[in-house]
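Visitor: I am new to this structure. Please show me how to read it.

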Amino acid sequence: TENNLFYGKLNGTEVLDEEKIASEVSIFEVTENGKYVYYTKDYDDEVATLYCYKFGENEPIKIASDVACYGGWSLGWTYNAYSTDGATVFYFKDLEEIEDTYTDHGTLLMWTYGDESSQKIASEVLTYSITSGLSSGEVKKNSFMFQKFSSVDSDENVYTNWMYYNGT
């Protein structure tokens, strides 16, 4: 409500035991397993600050500032992907449009709940290209592929290299 993010227990049509997670939330996503919620605050010009809240814990954790996203206040989305256990988020920074192609690439980073900082995976990674081939869209933390920008031809076709990440 009013950009405040809450959680609670459903009892029919009632919500019981409401707890506030954060205020001024622009975008939020709950992992497939329902154990984590990732959300953004301070949205400004297609970047925001990314946070993670693990259900059952006392406080959310700030992951990073200047994380790529689009829109805000319930009409936006992130470019994030999540691991099968929900504890890891893959996100982008320094997003750039490949001129005249409607395709974006940026720096891909990974953060896992409990880590002190994020890990850079690669630069010039196409958004929405991260995949482990799972129908859920989730990503295996140490076994996924992504497309790395290579070039654009005179017909504005984007060429990429498929890259495999094995955790190292």
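Visitor: Which residue in β11 does L108 stand opposite?

Guide: L108 stands opposite A122 in β11. This is a predicted model: local features need pLDDT of at least 70, side-chain atom pairs count only at pLDDT 80 or more, and totals for chains, interfaces and linings use all residues. Residues are numbered from 1 along each chain as its sequence is written, and side-chain values use heavy atoms, with hydrogens and water left out.

Visitor: How many bridges join β10 to β11?

Guide: Two strands pair if DSSP finds at least two bridges between them. Here five bridges join β10 to β11 (residues 119–126), and the two run antiparallel. Their hairpin has six residues between the strands. In that hairpin, G114 takes a positive phi near 100 degrees.

Visitor: What about β9 and β10: how many bridges do they have?

Guide: β9 (residues 88–98) pairs with β10 in the antiparallel sense over nine bridges. Y91 stands opposite L109 in β10. Four residues lie between the strands of this hairpin. Among them is D100, with a positive phi near 60 degrees.

Visitor: How many residues of β10 are buried?

Guide: Buried means under 20% relative accessible area, exposed over 50%, partly exposed in between (1.4 Å probe, protein chains only). Eight of the 10 residues of β10 (residues 103–112) are buried, so this strand is largely enclosed by the rest of the structure. Of the 168 residues of the protein, 38% count as buried.

Visitor: How many helices and strands does the protein have?

Guide: Helices (H or I, at least four residues) and strands (E, at least two) are DSSP runs, numbered from the N terminus. The protein has zero helices and 13 strands. Its radius of gyration is 17 Å, close to the 15 Å of the globule rule for 168 residues, so it is as compact as a globular protein of that length. That radius is taken over C-alpha atoms; the rule is 2.2 Å times the number of residues to the power 0.38. The C-alpha trace spans about 60 × 30 × 30 Å along its principal axes.

Visitor: Is T78 buried or exposed?

Guide: T78 lies in strand β7 (residues 77–78). At 7% relative accessibility, T78 counts as buried.

Visitor: Which residues is T78 in contact with, leaving aside its neighbours within four places in sequence?

Guide: Contact means heavy atoms within 4.5 Å. With those neighbours left aside, T78 is in contact with I27, E29, T40, A68, C69 and Y128. T78 and T1 are 77 residues apart in sequence and 20 Å apart in space, C-alpha to C-alpha.
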